[in-house]
Number of protein chains: 2
Amino acid sequence: MSHWQRITGGVTAAKGYRAAGIAAGLKASGAADLALIVSDVPAIATGVFTTNHMCAAPVTYCRQRLQTKGTAQAIVCNSGQANAATGEQGWQAVLAQAEMVATALGVSPEMVLVASTGVIGQPIPLDKMRQALPTLTANLSDDGGEAAARAIMTTDLVPKQIALEAEWEGQTIRIGGMAKGSGMIHPNMATMLAFITCDAAVSPHLWQEMLQRACDRSFNQITVDGDTSTNDSVIALANGQSRTPAIAEPGPAATRLEEMLTAVCTYLAKAIARDGEGATCLIEVQVSGASDDAAARQVARTIAGSMLVKSAIYGRDPNWGRIAAAAGRAGVPFDASNLAISLGGIAMMRQGQPVPFDRAAANTYLVNQAAASTDPSGQQSVDHPVVIEVSIGHGSGRGVAWGCDLSYDYVKINAEYTT
Amino acid sequence: MSHWQRITGGVTAAKGYRAAGIAAGLKASGAADLALIVSDVPAIATGVFTTNHMCAAPVTYCRQRLQTKGTAQAIVCNSGQANAATGEQGWQAVLAQAEMVATALGVSPEMVLVASTGVIGQPIPLDKMRQALPTLTANLSDDGGEAAARAIMTTDLVPKQIALEAEWEGQTIRIGGMAKGSGMIHPNMATMLAFITCDAAVSPHLWQEMLQRACDRSFNQITVDGDTSTNDSVIALANGQSRTPAIAEPGPAATRLEEMLTAVCTYLAKAIARDGEGATCLIEVQVSGASDDAAARQVARTIAGSMLVKSAIYGRDPNWGRIAAAAGRAGVPFDASNLAISLGGIAMMRQGQPVPFDRAAANTYLVNQAAASTDPSGQQSVDHPVVIEVSIGHGSGRGVAWGCDLSYDYVKINAEYTT
C-alpha cells in the first residue's frame, strides 16, 4: 500500500512551481515547441544524463553546471532542434538561451538549465526563441504543466505527466513530473527527457542519490529500440515550498520521499515505453531469482529489448523459446535447469524445459492486454502491460524492465520518412 | 592481392572429404533435414560455440568433446529440432546420434560431432534419423557439399557455401565451408551454424587459435537482430590430406592459412547477414581511428545492429545522425569532435559536425546497392554492400561489421507466424 495518492497535473502540481508551453515557431509544423518550468525560489537541482559520447551541447552544459552548483530556478526546453553535433556554435547557443531566459525571469543565468530535443545537426533559431520569450513568461502559471508537457513532444502521440501527493506530518508533499519519449519519426529526432518538480526540502546529496537510484529502476529499465540518444536527460528540482521538515539524512522520511520519486519516474518510464513508435502494448518483464538486483535488471532489459520477443508479442504469440533464448544471452550466468517462464500467470517453462500450457488462453491474454492498452477514449494506458515473469535461480535479486512490441509501424515510421 | 582463388563447391572441395544431405522426415515440410560431413581420416577439429547460457545439448556435447580430444572424423547435423531446452532427454539424444552415426561409418562414437537447428524444446525423432542413416551414408560423395548445405537450412532463402584454393609450395591447399543463417521464421527457430573443412596439416593448437581469431573478425561481427541463439556453432576440421608440410608454428605459412580461413569465414558471415530475415541489402560498417581493433569492432557492431540505422537504410535514407548516435552509445570513449562519417564514399560528417553533401547521390547509392544485392537470376550477392565508413579518432584500431536492413518483412516473418 503506497503512502501517496495520484492527483491531477504534472510539474506545476507541487507548491511554488509555474510552467508554460507555447509555439515559438521552432517547429515547421507550428506545434508547441518551447517549454519553461520555473520555481518561485532557487531549488535543489540534480540530473542524470545520457552516456552517449555524442552528447548534445545542452547535456554537456547541464552536467557541468550541476556539478559545480546544485541549485537552479528554471528549466527551458525547446523541441524541434536537438542542438547535437553543432560544435562551438551549439555551445554558444546554450549560453545564449540561459542568458535570455535569465534576463526575462530576472535571475542569474547560472540558475537556468537548458534542454533540447529534435533534429541533430541543426542550429536552434535563437531569434525566434528570443522573440517568443515575453509570451512564454507571460503564460507562466501554476496550471501550466500540461502546456509545458505538450511543448516538449516530438513524435510522442500523447503528453506524459503525473503528480503524486502524500500527507507528511500533517502537511502535504507533492512530486510532479513530465516526460517525452524516444519517438524518432523525424530523422535524427531522438531523446528521452524528463523533468521532475518536488516541493519537499531535501539535502542536495540525498536528492542526487535518490534520483540516480530511481532512474536505475525506471528510465534505465525501458527500451524501445536500444538506441540511446544524444540528448537523454532527467532533471529533478526540490524547492522546499511544502514547508515540511528538511530531509538531510537517510531514514524513514528519506525512504518515503525516494519511494514517491521512484513512483513518478516509473510511471513516466512506462508511459514512454507504451508510447514507443508503432507500439500496440506495454511489456513488463519481471525477473527474480538472480544473485542481485543489477543482474535481474540486466536480464529483464535484455528480454524487453529482444526484437524476436517484441515481434512475437506483436503477433500475440506466447513464444517462451524466444524469452528463454534472450534470458540466456543477457550476460548473466545462470543454470538453465533453473529457468522458469510465465506469461500473464500462465506457466510456460519450468526447470529449463517447456511445460504444457493452454496456448489459446495465452493468446487471449495477449490480445486482451493489447486491447486494454488503449482506453475507449483513445488514450494510452500503462495499467495493462503484458507481464512476462522469469525466474533464473534461487537468489534474492529482482528487477523489472519495460518495453513495447515491434510492429510494422515501427519500420514504417523509421524507414519511410526520408530526409 | 589475395594468394588464393575461389573455386566451386563447399565442404567437399578440400581433399579427403565427403558429404551428403537428405530428407529424413524430421521436418514436416519434407525438405532436406539431415546432413553428414565425413573426413576420410581423423581430422584436427576445433570449434567456437554460443555464449548463450541456454545452450543446446549438442553444443554442450561438442564443447566438452573438443576440450578433451582435438580430433574428429564426422559431423552430423539435423534441421527441424534444435534439441535445446530438452534436459536429460536431449543429452541422451546427442549420445544416441553420435553412436548411430559412428556405427554406420565404422568409427568410434567420440569421432562424431553433433549439431542441431530448429525448434527449441522439441525432441529429435531419433527413429526417423536412424532409419535414414543407410540412405545418408550411401549418398556420401565428394560432390555432396551442396546437398549438405541445403539440408541444414531452416528459414534461409539460399544455401551458403564457399571454397578457396591456394598454391602452396607446388601443391594445392583448399578450405571449404558451409553455413546457415540466423533465420527465425519458425517460432524459436534460431541458429547460426558453420562447418569448415581444410586439407592442410596444422597443429591443433594453431588451428584453434586461427579459428577463434577468424570468428572474431567474421561471425562475431554480424548481426541480424542481436538475438544470439542457443545453438550457434562453428566447427572446423583440418585433415592433412593436401600432403603439404605440417604447419606447427606461427610463421608465414600459418599466416597464409589463417588468411584463407578468415576469408572463408568472412564470406559465410556476409552471406548470413545478407540473408537476414526480410533483408533487402547487406550493410558493411568500417570503423577506423579507434585505440585498438576490439574497440573499432565494437563500434562497428553497434552501428550495424542499430534498429534506427537499419530502418533508415531500408528507407534508403542517408541518415548520418543515427549513425553518429549509434557510434556514441557503443561504449567506446571518443572525442565527438573527431567523428567522421561517409556513406559509399560520400562524406556526410567531419569533425563531429554535418557537412553539406549531395543527398540525391547518397540516396541513389543506397538504391543501387540494394538493387545489386540480388543478381538478375534472383541469387543473393554479398559483393555490393552498403558501405558505411566511420572514423572516431587517430588511433590505429580498425574493425568491420556486417548487418542487413530492417524491413516490414522482418516484422511479418517474426510476428505473423503463430505457434
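Author: In this predicted model, Ile341(B) stands opposite Met349(B), a residue of E12(B). The two strands concerned are E11 (residues 340–343) and E12 (residues 346–350) of chain B, which pair in the antiparallel sense over 3 bridges. Between them the hairpin has 2 residues, and Gly344(B) takes a positive phi near 55° there.

E12(B) pairs with strand E13 (residues 353–354) of chain B over 2 bridges, in the antiparallel sense. These strands form a hairpin as well, with 2 residues between them, and Gln351(B) in the turn has a positive phi of about 50°.

Gly352(B) is found in the loop between E12 and E13 of chain B. Gly352(B) counts as buried because its relative accessibility is 7%, and the cut-off for buried is under 20%. Ser337(B) lies 15 residues from Gly352(B) in sequence, yet their C-alpha atoms are 4.3 Å apart. Leaving aside neighbours within four places in sequence, the contacts of Gly352(B) are Ala336(B), Ser337(B) and Leu339(B) in chain B, together with Met54(A) and Ala85(A) from chain A.

E15(B) pairs with strand E10 (residues 282–290) of chain B in the antiparallel sense, over 7 bridges. One of the residues involved is Glu284(B), whose bridge partner in E15(B) is Trp402(B).

Most residues other than glycine have a negative phi. Arg316(B), which is not a glycine, has a positive phi of about 55°. Arg316(B) lies in the loop between helix H8 (307–314) and helix H9 (320–328) of chain B, and is buried, with a relative accessible area of 15%. Glu169(B) also has a positive phi, near 50°. Its loop runs between strand E6 (160–168) and strand E7 (171–180) of chain B, and at 61% relative accessibility Glu169(B) counts as exposed.

Definitions and conventions
Residues numbered from 1 in each chain as written. Chains lettered and ligands numbered in written order. Predicted model: local features only at pLDDT ≥ 70, side-chain atom pairs only at ≥ 80, totals over all residues. Heavy atoms only, no water. Pairing = 2+ DSSP bridges. Helix = DSSP H or I, 4+ residues; strand = E, 2+ residues; numbered from the N terminus. Buried < 20%, exposed > 50% of the residue type's maximum accessible area, 1.4 Å probe, protein only. Contact = heavy atoms within 4.5 Å.
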